[in-house]
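Please read it with the coordinates open.

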Amino acid sequence: MPSYTLNVNGRDHLVNVSSESMPLLWVLRDVIGLTGTKYGCGIEVCGACTVLMNGQPEKSCKLDVSSAAGKPITTIEGLSPDRSHPAQQAWIALQVPQCGYCQSGMLMSVAGAMKAGHHGSEIASEVKNVCVCGTYQRIKQAVAGL
């Protein structure tokens, strides 16, 4: 059984998994217990599973755990434990989420775009996540001020 050390939210986790090709998403949720990252489509399209790896947004549903070993990973739980990240504050101020299922992936994509130096409408054009509730207008409003 392969084992890997994953640095998630600034903390090392030694994980034993059944296969080196196990998606990072399942390791985060089922092995480490961080359930904020969601399973959506499973084919890297919807973005519900987005995390930051090396500061860049990555879809964890198809990313092998073996390729994540040794790289810093940030999940929604580690973005800002006190919800003080500017994107989280914008989400709260504009009451962006409806059902909320996809919002952790949305926030991680926005955080990745911000980390890359994008602002406002640049962020909106970077975020390709899918929301079936249709909160896109409020998301655009939220990122406009970032």
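Predicted model: local features only at pLDDT ≥ 70, side-chain atom pairs only at ≥ 80, totals over all residues.

1. Strand S3. S3 spans residues 50-53 and is covered on both faces. Thr50 and Leu52 are buried on one side. Val51 and Met53 are buried on the other.

2. S3 with S4. S4 covers residues 56-59 and runs antiparallel to S3, with four bridges joining the two strands. Thr50 has Lys59 of S4 as its bridge partner. The two strands form a hairpin, and two residues lie between them. In that turn, Asn54 has a positive phi of about 55°. Check this residue by eye.

3. S3 with S5. S3 also pairs with S5, residues 72-74. This pairing is antiparallel too, with two bridges. Leu52 faces Thr74 across it. Leu52 is also one of the buried residues of S3.

4. Ser60. Is this residue buried or exposed? Ser60 has 0% relative accessibility, so it counts as buried; the cut-off is under 20%. Ser60 sits in the loop between S4 and helix H2 (65-68). Beyond its neighbours within four places in sequence, Ser60 contacts Pro23, Leu24, Leu25, Thr37, Cys49 and Val51. Of these, Val51 belongs to the buried residues of S3. The Ser60 side chain also comes to 2.7 Å from the backbone oxygen of Cys49.

5. Ser60 and Gln88. These two residues are 28 apart along the chain, and their C-alpha atoms are separated by 21 Å. Gln88 is one of the residues nearest the centre of the largest pocket.

6. Largest pocket. Its volume is about 280 Å³. The lining counts 13 residues. Nearest the centre are Ile76, Arg83, Gln88, Ile92 and Leu107. Helices H3 (76-79), H4 (86-93) and H5 (103-115) each give at least two residues to the lining. By class, six lining residues are nonpolar, five polar and two charged.

7. Second largest pocket. This one holds about 190 Å³ of space. It is lined by 14 residues, with Pro57, Ser109, Ala113, Glu126 and Val127 closest to the centre. S4 and H5 are the elements that supply two or more lining residues. Which element gives the most? S4 does, with four residues. The lining divides into four nonpolar, six polar and four charged residues.

8. Links between points. S4 is joined to S3 by four bridges and also contributes to the lining of the second largest pocket.

Notes: Residues numbered from 1 in each chain as written. Heavy atoms only, no water. Buried < 20%, exposed > 50% of the residue type's maximum accessible area, 1.4 Å probe, protein only. Pairing = 2+ DSSP bridges. 1 Å grid on protein atoms, 1.4 Å probe; cavity = no way out; pocket = protein on both sides within 12 Å on 5 of 7 lines; lining within 4 Å. Points joined across faces, edges and corners; volume = space filled by probe spheres on them. Nonpolar A, V, L, I, M, F, W, Y, C, P; charged D, E, K, R; others polar. Contact = heavy atoms within 4.5 Å. Polar contact = N/O pair within 3.5 Å; in protein donor to acceptor, adjacent residues only side chain to side chain.
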